[in-house]
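Here are my notes on this entry. Please read them with the structure open.

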Amino acid sequence: MSRRSSSHFNLLARALHWSMAVLILAMLFIGVTMVTSLTLRPVLIDLHRPLGIAILLLALLRLGNRLRHPPPPLPGDLPAIQKFAAVASHWLLYALMLAMPLIGWAMVSAGGYPVVMLGGVHLPAIAPHSPELFALLRLAHGLLAYALFATVLMHLSAALYHAWVRRDGVFSSMARGPAREQP
Ligand code: HEM
Ligand code: HEM
């Protein structure tokens, strides 16, 4: 099995990857709990809005870093279909990391609700007040949340396949510090 020649995602990419993984998984569970529990809804929704906007800002920073610093190449002997699946699923994850918070923000705006962050800061509305648009965006936010969860589960399975079955250096490229030269 050929190992990755060079090396790792840069420190910023790795720090953002793991912190955002925690935040996004938390947001999926907060979202689902928020729409099923009347008691927890007020506190969770106050958390959901600012965390979602934080994810949007971090995703923009991450996209900038990703475009400036291309990732280490995938192992040469990885079948073409798996290379395609890796590239396509990573871009799908980026699209969903950006779309989910933007749709959430637009949905709250279309519903005519204030977009309140922590400390009482209000963000401007990014969509016109419209019940029809609110219903459409709410549906999209819920459906894309399922798509995000399913993609993350496939991504997790692929990561563990690389770590435990192929052992080809793909997992450690996102997990460890910079590669050391062996003496
Ligand atoms: C990565 C970011 C986000 C994720 C993963 C996420 C995830 C979710 C999930 C899983 C739900 C439950 C959907 C359902 O079962 O119907 C939900 C609901 C909701 N989200 Fe988000 N969300 C994100 C960002 C945002 C943002 C930035 C806002 C607003 C500023 C927002 C506002 C809402 C609201 C108001 C609901 C409840 C809708 C209702 O009452 O049915 N979300 N979100
Ligand atoms: C919400 C959860 C997650 C999201 C949104 C996510 C997203 C991404 C994205 C977009 C990439 C492409 C590299 C980049 O530009 O940053 C990536 C790479 C990677 N992720 Fe995740 N990830 C998540 C969770 C996980 C978990 C739980 C694991 C492992 C158990 C993992 C392991 C990896 C590995 C090994 C790579 C490198 C793959 C390669 O080089 O082709 N990820 N992830």
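**Notes on the helices, cores and surface**

1. Start with helix H4. Its buried residues are Leu137, His141, Ala145, Leu148, Thr151, Val152, His162 and Arg166. They pack against H1, H2, H3 and H5. Keep in mind throughout that this is a predicted model.

2. The length of H4 is in order. The helix has 36 residues and reaches 51 Å from first C-alpha to last. At 1.5 Å a residue, 52 Å is expected, and the value is close to that.

3. Setting aside neighbours within four places in sequence, Leu148 is in contact with Ile24, Leu28, Leu93, Leu96 and Met100. Leu148 also belongs to the largest nonpolar core, which has 22 residues. Within that core, Met20, Ile24, Met97 and Leu148 touch the most other members. H1, helix H2 (41-68), helix H3 (80-110) and H4 each supply at least two of the core residues. H3 gives the most, with 8 residues. Apart from this core lies another, of 6 residues, including Ile103, Met107, Ala110 and Ala127.

4. Next, helix H1. Buried here are Ala13, Arg14, Leu16, His17, Met20, Ile24, Met27, Leu28, Ile30, Gly31 and Met34. The buried residues of H1 pack against H2, H3, H4 and helix H5 (170-175). The span agrees with expectation: 24 residues at 1.5 Å a residue should span 34 Å, and the end C-alpha atoms of H1 are 34 Å apart.

5. Leaving aside neighbours within four places in sequence, Ala13 is in contact with Asn65 and Met174. Ala13 and Arg66 are 53 residues apart in sequence, yet their C-alpha atoms are 7.3 Å apart in space.

6. Helix H2 also passes the length check. Its 28 residues should span 40 Å at 1.5 Å a residue, and its end C-alpha atoms are 40 Å apart, which agrees. The buried residues of H2 are Leu44, His48, Arg49, Pro50, Gly52, Ile53, Ile55, Leu56, Ala59, Arg62, Asn65 and Arg66. They pack against H1, H3 and H4, and also against strand S1 (115-116) and strand S2 (122-123).

7. Now the surface. Leu25, Phe29, Phe149, Leu153 and Leu156 form a nonpolar patch there. Together they have about 440 Å² of accessible area. Helix H1 (11-34) and helix H4 (131-166) each supply at least two residues of the patch. H4 gives the most, with 3 residues.

8. Phe149 is one of the patch residues and sits in helix H4. Its relative accessible area is 30%, so Phe149 counts as partly exposed; the class lies between the 20% limit for buried and the 50% limit for exposed.

9. Please check the backbone at Arg167. This residue lies in the loop between H4 and H5, just after H4. Its phi is positive, about 45°, although Arg167 is not a glycine. Most residues other than glycine have a negative phi. Is the residue Arg167 buried or exposed? Its relative accessibility is 59%, so Arg167 counts as exposed, the cut-off being over 50%.

Methods: Residues numbered from 1 in each chain as written. Chains lettered and ligands numbered in written order. Predicted model: local features only at pLDDT ≥ 70, side-chain atom pairs only at ≥ 80, totals over all residues. Heavy atoms only, no water. Patch = residues over 30% accessible without salt bridge, like charges linked within 9 Å, V, L, I, M, F, W, Y side chains within 5 Å. Areas by Shrake-Rupley, 256 points an atom, 1.4 Å probe, with all protein chains shown as cover. Salt bridge = Lys/Arg side-chain N within 4 Å of Asp/Glu carboxyl O. Helix = DSSP H or I, 4+ residues; strand = E, 2+ residues; numbered from the N terminus. Buried < 20%, exposed > 50% of the residue type's maximum accessible area, 1.4 Å probe, protein only. Core = buried A, V, L, I, M, F, W, Y, C linked by side-chain atoms within 4.5 Å. Contact = heavy atoms within 4.5 Å. Expected span 1.5 Å × (residues − 1).
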